[in-house]
Amino acid sequence: MNNPIPVTCSSMPTLNEYIEELKDLWESKTLTNDGVKHMELERALADYLETVNVSLFTNGHLALEYILEVFQLNGEVITTPFTFASTTHAIVRKGLTPVFADINPNDYTMQTDNLESLITEKTTAIMPVHVYGNVCDVAEIERIAEKYSLKVIYDAAHAFGITVKGESIANFGDASMFSFHATKVFNTIEGGALTYKDSSLKNVIDAYKNFGITGSEIIDYIGGNGKMNEFQAAMGLCNLRYVDREIQKRKAVYERYIENLSGIDGIRLPYIQKEVASNYSYFPVLFDGIKISRDEIQYELMKQGIHSRKYFYPLTNKLECYKSKFTHNHTPVAQQISEKVLTLPLYADLQLDDVDRICSIIKRHFNSLTLTASKGDIPI
Ligand SMILES: *Cc1c(COP(=O)(O)O)cnc(C)c1O
């Protein structure tokens, strides 16, 4: 049997390069709290993301929780259920009420057509999610937010390095959260960052993630601990050197999938947004034919040792833990997509002949079904 293929695989520098990067730490013995690596990575990321304000965090999820706290939000936050649990959990864990907008049927980001109808006098913010490497309608969201004086916080966990009409994704809304989790396009093992518009927030955000400490004997805020340590930052410095190359390799994998799978009735390939330079973070396929279900394909792949992921399923407004909490809102498009979508293996080092193998399993299954279907023994 062929080697198993994971759905994702972390980008890593060579061990030697990482060790080299860590050597200073054995001399300085500063392992966290704004060490050299932390400062260096923050600067390097501001540079790479073409943005001004960056604050690093232990992970992306905490970054989301902290920004909700720093903005002192209350009441309702409009978001979408087609996301990782983290987005909705952050809202709920900070004592806010999520209100779920549906998603667009093509790019799976927040639908803006009826967004205004969800705004009440309790609404204080919008938390849209850039999904898979696709970007929200940032212009329309900005227009609506301005009209109703709402904060916009993007969950940009999937969106590292993306540009829209040449503008960095880090520069939209009041703040954006990036995740540097091991499985993301750019990783610091675990880790995350906020980018934000208002430069005067830098000291506040950085104090919040360090117990609210603002001076040697002064604690101005009831902060927590969300700091990124030096080992994480060192990993980030190494990985950042190769991230462009990694994105190019992902692109080749992505294009190989498209080559293999286009023109098949019942397979919908990822939507490609114009004027967006993607980071090719995921390869979502929609099995929207009536003959075949997403679960069958996942099972066929699994039998051959190939891991795929129902991502995002279930929707966050369908999670067990939210069963008797708040209104779940009717989000029929998100519901349909979550029942049909499968993300296929995608990482920089995935071999192109493995992509061919994955696709041939999918195609073989489609063909065999079409054959039996034409014999008339498959109910359609
Ligand atoms: C990964 C991810 C998060 C959480 O980030 P962590 O760094 O793992 O805490 C939040 N939202 C989305 C959409 C994600 O994919």
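Tyr132 is buried, with a relative accessible area of 5%; buried denotes under 20% relative accessible area, exposed over 50%, and partly exposed the range in between, with a 1.4 Å probe and protein chains only. The model is a predicted one, in which local features need pLDDT of at least 70 and side-chain atom pairs count only at pLDDT 80 or more, while totals for chains, interfaces and linings use all residues. Residues are numbered from 1 along each chain as its sequence is written, and side-chain values use heavy atoms, with hydrogens and water left out.

Tyr132 is found in the loop between strand 4 (123–127) and helix 5 (138–148); helices (H or I, at least four residues) and strands (E, at least two) are DSSP runs numbered from the N terminus. Although Tyr132 is not a glycine, its phi is positive, at about 65°. Gln72, also not a glycine, has a positive phi of about 50°. Gln72 belongs to the loop between helix 3 (60–70) and strand 2 (76–79), and it is exposed, with a relative accessible area of 61%. Most residues other than glycine have a negative phi, and most peptide bonds are trans.

Two cis peptide bonds are described here. The bond from Tyr311 to Phe312 is cis, with omega near 15°, and the bond from Tyr313 to Pro314 is cis, with omega near -5°. Phe312 lies in the loop between helix 9 (294–303) and helix 10 (332–340), and Pro314 is found in the loop between helix 9 and helix 10 as well.

Eleven helices and 15 strands make up the secondary structure of the protein. The radius of gyration is 22 Å, close to the 21 Å that the globule rule gives for 380 residues, so the protein is as compact as a globular protein of that length. The radius is taken over C-alpha atoms, and the globule rule is 2.2 Å times the number of residues to the power 0.38. Along its principal axes the C-alpha trace spans about 80 × 55 × 40 Å. Of the 380 residues, 53% count as buried. Among contacts (heavy atoms within 4.5 Å) with a separation of 6 or more, 71% are between residues 24 or more positions apart.

Helix 7 (residues 230–240) is largely enclosed by the rest of the structure, because ten of its eleven residues are buried. These buried residues include Glu230, Gln232, Met235, Cys238 and Asn239. The buried residues of helix 7 pack against helix 1 (15–28), helix 2 (36–48) and helix 8 (243–261).

Ile153 lies in strand 5 (residues 151–155) and counts as buried, at 0% relative accessibility. Residues up to four places away in sequence aside, Ile153 touches Leu64, Ile67, Leu68, Phe71, Leu73, Ile126, Met127, Pro128 and Ala175. Thr214, in strand 10 (residues 213–215), is partly exposed, with a relative accessible area of 39%. Neighbours within four places in sequence aside, Thr214 is in contact with Ala207, Ile219, Asp220 and Tyr221. The C-alpha atoms of Thr214 and Val204, ten residues apart along the chain, are separated by 8.2 Å.

The structure holds one cavity of 30 Å³ or more. On a 1 Å grid over the protein atoms alone, a cavity is a set of points where a 1.4 Å probe fits but cannot get out, and lining residues have an atom within 4 Å of a point. The largest cavity contains about 50 Å³ of space, where grid points are joined across faces, edges and corners and a volume is the space filled by probe spheres set on the points. Its lining consists of 13 residues, of which Ala157, His158, Lys184, Val185 and Ser281 lie nearest the centre. The lining residues divide into six nonpolar, five polar and two charged; Ala, Val, Leu, Ile, Met, Phe, Trp, Tyr, Cys and Pro count as nonpolar, Asp, Glu, Lys and Arg as charged, and the others, Gly among them, as polar.

Methods:
On a 1 Å grid over the protein atoms alone, a cavity is a set of points where a 1.4 Å probe fits but cannot get out, and a pocket is an open set with protein on both sides within 12 Å along at least five of seven lines; lining residues have an atom within 4 Å of a point.
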